[in-house]
Amino acid sequence: MSLLDVSGLSCRFGSQTALSDISFKVDKGEIVGVIGSSGAGKSTLLRCLCALERPTEGHILLDGADLTQLSERDLVAARRKVGLVFQHFNLLNSRSVAANIALPLEIAGWPKPRIAERVEELLALVGLESHGHKRPSQLSGGQKQRVGIARAIANSPSLLLCDEATSALDPHTTASILELLADINRTLGLTIILITHEMEVVRRFAHRVLVLDHGALIENGSMATLMRDSRGDPRLERLLADTRPGLPETIKRQLSAVPVPGGLTLMRIVLGPEAAKTPFLSLLTTRFDQQITLVQGGTLSCGGDLLTDMILAFSAPVTEPLAAFLEQQAHVTEVLGHVPSDR
Amino acid sequence: MYRLIARLIAESTLQTVEMVAASSLVAVLFGLPLAVLMIATRRTDLYDLPWLGRPIGWVIDAVRAIPFIILLVLLIPVTRFIAGTSLGTLAAIVPLSIAAIPYYARIAEISLQEIEPGLIEAVRVMGGTRWMVIRYVLIPEALPGLLSGLTVTAITLVGASAMAGAIGAGGLGDLAIRYGYQRFNTTIMFAVVAVLILLVGVIQGAGTLAVRAVRR
């Protein structure tokens, strides 16, 4: 049985529809990314998942309990099974770092000695051993988020929700926070749902991705599948634009749809994990007598898989056998256009 | 002569301190819960019962609208009922407190209002009850503001307690009016003013220190 089973979830505020008929499942130990531009319904979905918002319709089964059917009193208990990491940390400045991490345990009524023990353990887990006595205001953004994560997992929740957890951080810190989350996922087997507008974060980190658009779920699959093929859906194209290789402006301006005599042919090629470690380019050069330039792109890690997404410039027109070979080897082959050569 | 003045001033200072301290204490004891009640009933992420908190606000505004000197007179029957008399330092504490409660309640409300909604959300998500939100978030996070609000209230009460001299409350204000104004004794007048300045300075200094201590 899935850890989380959302079915037919709809949420309306007056005449405004925030979510319409959303269904998906999350298994134990999975890392799932929820992505969408602002106003897509991400926050509402998150608020429903941690039982802060009651949906208009549908069911949310977490560990077998339906969050939409519980009374306020039972919800208080159900919320303790969900940990939430916030974009702006939301740490209490009236408490020390250690006391912030202890808060959910105090709320759950743990005895004091056990709280102290657990807090030590958590401080070590997030790499803040010597910072327990400090105030949150004395920490850097990344350290604050580590405290936020320690606090969220203190009471051993079965689900960890991250709400734009890295959006307020610089790229370097983002990477270290994502590493910490991946670590927690591996060592504790904790299920993580990561809500973000940054495709890069999802690409590096999530096993599976849910795409929300105007309150509807328009994609639910592995990141590698989504990156390989957006089926020409402009909503997906827009989200994926940042993670894909793009042509430099000067080349884009010269692009023509018809072949240029003696010019170059530009193609976008996407290869799966098996091709990432083969000498693909030299294969093309030797077998098809082509001179090839890598214009943009390369091999990326993508939800644990390897994906090669690149734009190549071919010196000679693409012949029938070459096209057939590419068709067989690559997931996507797309002729972007032709440009004159400088030779 | 100077020993008499010194004794009079010492006595009056003590009475003023007594009045200010007692009514400040009452202001916090009643004003803070009222402020919490107003905030907690208004917020949709807490009790969401605006019709409960709003009338409290009306009563608070009504009391604050009455000039203190008139409140003093209006409250004489109440003062008699509570203190047994309407004269003296002890009796003056009643109208001072009743004026201070709504004053402090509004100031405390401002500090409580400044709390980030995200902090409340964080505790709610942890499975905290609404009462825990008040206990772990609202009060401790607003504490610096609540303390500086108390400082402002206490200093306002120093001024108000002088007016209470009008009903024979004693204290520094009373002394300044009786000896300084009615008997043209400027020495006492200036001495009282100096003590008042000192007193306000001490209260403000203590308040600032307390705020710094909790803010860290």
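1. A word on conventions. Residues are numbered from 1 along each chain as its sequence is written, and chains are lettered from A in the order in which they are written. In this predicted model local features need pLDDT of at least 70 and side-chain atom pairs count only at pLDDT 80 or more, while totals for chains, interfaces and linings use all residues.

2. Chain A has two assigned domains, domain 1 (4-241) and domain 2 (247-339), with bounds from an automatic or database domain assignment. Their centres, taken over C-alpha atoms, are separated by 38 Å. The contact draws 10 residues from domain 1 of chain A and 11 residues from domain 2 of chain A, contact being C-beta atoms, placed from the backbone, within 7 Å.

3. On the side of domain 1 of chain A that touches domain 2 of chain A, helix H7 (199-205) and helix H8 (223-228) of chain A each give two or more residues. H8(A) gives the most, with four residues. Helices here are DSSP runs (H or I, at least four residues) and strands likewise (E, at least two), numbered from the N terminus.

4. Do look at the open, antiparallel sheet of four strands in chain A, ordered S12-S13-S11-S14; strands pair if DSSP finds at least two bridges between them. Its edges are S12 (292-302) and S14 (332-339) of chain A. Seven bridges join S11 (residues 264-271) of chain A to S14(A), and Thr265(A) has His338(A) as its bridge partner.

5. In chain B, residues 20-40 are 100% helix, with end C-alpha atoms 29 Å apart. Residues 188-211 of chain B are also 100% helix, and their end C-alpha atoms lie 34 Å apart.

Definitions and conventions. Contact = placed C-beta atoms within 7 Å.
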